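Me: I would like to go through the labels attached to this entry and see what each one rests on. Please set the value against the criterion each time.

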Amino acid sequence: MAVNSVRIPLVRLDRDLPVPSYAHHDDAGADLMTTVDVTLAPGERRLVPTGVALALPEGYVGLVHPRSGLAARHGVSIVNAPGTIDAGYRGEIKVLLVNLDAHSAVQLNRGDRIAQLVVQRYERADFVEIDTLDETARGSGGYGSTGGFTPDPSDHVPAGQAAGTPRSAQ
Ligand SMILES: O=c1ccn([C@H]2C[C@H](O)[C@@H](COP(=O)(O)OP(=O)(O)OP(=O)(O)O)O2)c(=O)[nH]1
Ligand SMILES: [Mg+2]
């Protein structure tokens with residue numbers, strides 16, 4: 001079944017870079033590029049400009065997702081992944097990149113694809129306060145509950161302190 005498309009007005013703030021595009025016709029994310037050269041040391045983050053601004057229609061949101069290739073090859077991710085581009089935002093889309101590699105710096109050059117923009121429809125919540133919620137099979141279970149794990153409040157690790165022995169994934 002064909003995917004619907006929605007017309008989104010876009011301004012290129014940097015006319016020497018192409019309009020973001022989808023690598024394949026059925027990709028969910030359109031690749032965003034950096035307009036600047038950036039070097040990220042291990043652990044370093046940087047707000048990186050993409051040279052594009054949008055006018056998303058009301059009822060749509062842009063989500064800025066990391067690219068798995070950059071993540072796998074260099075440990076590069078996005079601090080606030082996925083970044084939220086509000087429909088009313090008219091400024092330049094920027095990407096808060098972080099180098100999560102513990103040892104190697106990464107060099108990104110102007111024009112490199114650094115993130116992908118997924119445009120989605122969203123619903124606005126009309127929050128209605130009540131006293132008690134209905135019962136469900138899951139209830140308040142989470143954080144690995146389906147693997148038999150119960151979170152321990154003492155798991156909290158104050159910022160800046162090393163975590164303890166790693167546990168296996170559930
Ligand atoms: O990765 C991102 C995230 C956000 N934005 C822009 C578009 C978005 O509409 C605006 C505000 O983002 P958000 O609501 O996430 O930030 P905030 O910290 O809540 O700031 P504000 O008080 O401006 O909403 O910043 C980006 O360009 N890139
Ligand atoms: Mg906000």
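This is a predicted model: local features need pLDDT of at least 70, side-chain atom pairs count only at pLDDT 80 or more; totals for chains, interfaces and linings use all residues.

Me: Why is Tyr-143 called exposed?
Reply: Tyr-143 has 11 other C-beta atoms within 10 Å. A residue counts as exposed at 12 or fewer, so the label applies. Tyr-143 is found in the segment after β11 (113-121).

Me: What makes the phi of Tyr-143 worth a remark?
Reply: The phi of Tyr-143 is positive, about 55°, and Tyr-143 is not a glycine. Most residues other than glycine have a negative phi.

Me: Which peptide bond is called cis, and where does its proline lie?
Reply: The bond between Ala-81 and Pro-82 is cis, with omega about -15°. Pro-82 belongs to the loop between β7 (76-78) and β8. Most peptide bonds are trans.

Me: What makes up the shell around ligand 1?
Reply: Its residues include Val-64, Asn-80, Asp-86, Tyr-89 and Lys-94. The shell divides into 6 nonpolar, 3 polar and 2 charged residues. At least two shell residues come from each of β8 (83-85) and β9 (94-99).

Me: How does the radius of gyration of the protein chain compare with that of a compact globule?
Reply: The protein chain has 20 Å, whereas a compact globule of 170 residues would have a radius near 15 Å. The C-alpha trace spans about 55 × 45 × 30 Å along its principal axes.

Me: What share of the protein chain counts as buried?
Reply: Of its 170 residues, 17% do; the label requires 20 or more other C-beta atoms within 10 Å.

Notes:
Residues are numbered from 1 along each chain as its sequence is written. Chains are lettered from A and ligands numbered from 1 in the order in which they are written. A residue is near a molecule or strand if its C-beta atom, placed from the backbone, lies within 6 Å of it. Helices (H or I, at least four residues) and strands (E, at least two) are DSSP runs, numbered from the N terminus. Ala, Val, Leu, Ile, Met, Phe, Trp, Tyr, Cys and Pro count as nonpolar, Asp, Glu, Lys and Arg as charged, and the others, Gly among them, as polar. The radius of gyration is taken over C-alpha atoms; the globule rule is 2.2 Å times the number of residues to the power 0.38.
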